[in-house]
Amino acid sequence: MSFFFDFTEDFVGYSARVKCVALHSTEPWLACSLHSGRVYLYDLEAHKILWDRDLLDHPARTVKFIERENLIICGSDDGMLHVYDYRRNRRVKRWTAHADYIREVVVHPTLPFVLSCSDDQVIRLWSWEIDWGLVDVFKGHSHYTQLEYGALILTDTSLEYARCDGSRK
C-alpha cells in the first residue's frame, strides 16, 4: 500500500520551531504545538486554521487529541499539563504534573488514562474520570523519560515501555 499526499497550501507559524503534531483519527484535523507556547488546530480538507491560541506560557513540547472526550492535552516546559475542550474552545484544567520539562503524553486508546513523562525521570498516570487525578507514579529511571505509543504496552493491569538507556521496564 502506498500513500500520496499533495500539499497545496503552506501553514506558517512564526516560532522558533514546531515541537509536536497530532492527527485526529476521524476528523481532517492536525494539532500543532510550537516552542512559543502557541497551539494551532488546522482543518486539512478546508485548508484553514480552525483556531490558534497562545495557550501556554512556556514551550508546548507535546500535544495530543483525546478524541472521545473532545479534548486536547498539552505538556509544557514548565512541567504543567493543560487540557482544552476543542469543541467549546475553553480550558478544562491546568496543573503542575512534573518538576521539569514534559517530554510526551500518551492517551490510552480505551481507558480514561493519560501517561506523562518528563525530564524529572518520572512517568505519571492520570485519569480524567477522577478530575485528572494521579493514579500511579513510575520511578526508578536514570535518564529523562520519553514515551512513544509504539514503544509502550499499557493494559488494564500493567505498563511496559522502552527506556532511553535501551532497556525495557
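Leaving aside neighbours within four places in sequence, Ser33 is in contact with Val18, Lys19, Cys20, Arg38, Val39, Ala60, Arg61, Thr62 and Val63, where contact means heavy atoms within 4.5 Å. This is a predicted model, in which local features need pLDDT of at least 70 and side-chain atom pairs count only at pLDDT 80 or more, while totals for chains, interfaces and linings use all residues. Residues are numbered from 1 along each chain as its sequence is written, and side-chain values use heavy atoms, with hydrogens and water left out.

**Overall make-up**

- The protein has 14 strands and zero helices; both are DSSP runs numbered from the N terminus, with helices (H or I) of at least four residues and strands (E) of at least two.
- Of the 169 residues of the protein, 44% count as buried; buried means under 20% relative accessible area, exposed over 50%, and partly exposed in between (1.4 Å probe, protein chains only).
- The accessible surface comes to about 9,400 Å², and 48% of it belongs to carbon and sulfur atoms; the areas come from the Shrake-Rupley method with a 1.4 Å probe, and for residues only the protein chains shown count as cover.
- Among contacts in the protein with a separation of 6 or more, 33% are between residues 24 or more positions apart.

**Nonpolar cores**

- A nonpolar core is a set of buried Ala, Val, Leu, Ile, Met, Phe, Trp, Tyr and Cys residues joined through side-chain atoms within 4.5 Å.
- The largest one has 14 residues, of which Ile66, Ile73, Leu81, Trp95, Val114 and Trp132 touch the most other members.
- Strands β6 (71-76), β7 (80-85) and β9 (102-107) each supply at least two residues of this core, and β9 gives the most, with three.
- Apart from this core lies another, of 13 residues, among them Trp29, Ala31, Cys74 and Tyr86.

**Two buried serines**

- Ser33 lies in strand β2 (residues 29-34) and is buried, at 0% relative accessibility.
- The side chain of Ser33 reaches the backbone oxygen of Ala60 at 2.9 Å.
- Ser118 lies in strand β10 (residues 113-118) and is also buried, with a relative accessible area of 0%.
- A polar atom of the Ser118 side chain lies 3.2 Å from the backbone oxygen of Asp100.

**Salt bridges**

- The structure holds seven salt bridges, each a side-chain nitrogen of Lys or Arg within 4 Å of a carboxyl oxygen of Asp or Glu.
- Asp77 pairs with Arg61, the closest N and O atoms being 2.7 Å apart.
- This pair links distant parts of the chain, with Asp77 in the loop between β6 and β7 and Arg61 in strand β5 (residues 60-66), 16 residues apart; Asp77 and Arg61 are both buried.
- Lys64 forms a salt bridge with Glu104, with 2.5 Å between the closest N and O atoms.
- Lys64 in strand β5 and Glu104 in strand β9 are 40 residues apart, and Glu104 is buried at 6% relative accessibility.
- Asp120 and Arg124 meet in a salt bridge at 3.6 Å, N to O, and both are buried.

**Cysteines**

- The whole structure has zero disulfides, a disulfide being a pair of cysteine sulfur atoms within 2.5 Å.
- The sulfur of Cys20 is too far for a bond because the closest cysteine sulfur, in Cys32, is 8.2 Å away.
- Cys20 is buried at 11% relative accessibility, and Cys117 is buried at 0%.

Note on methods:
A polar contact is a pair of N or O atoms within 3.5 Å; within protein, one must be able to donate a hydrogen and the other to accept it, and residues adjacent in sequence count only if both atoms are side-chain atoms.
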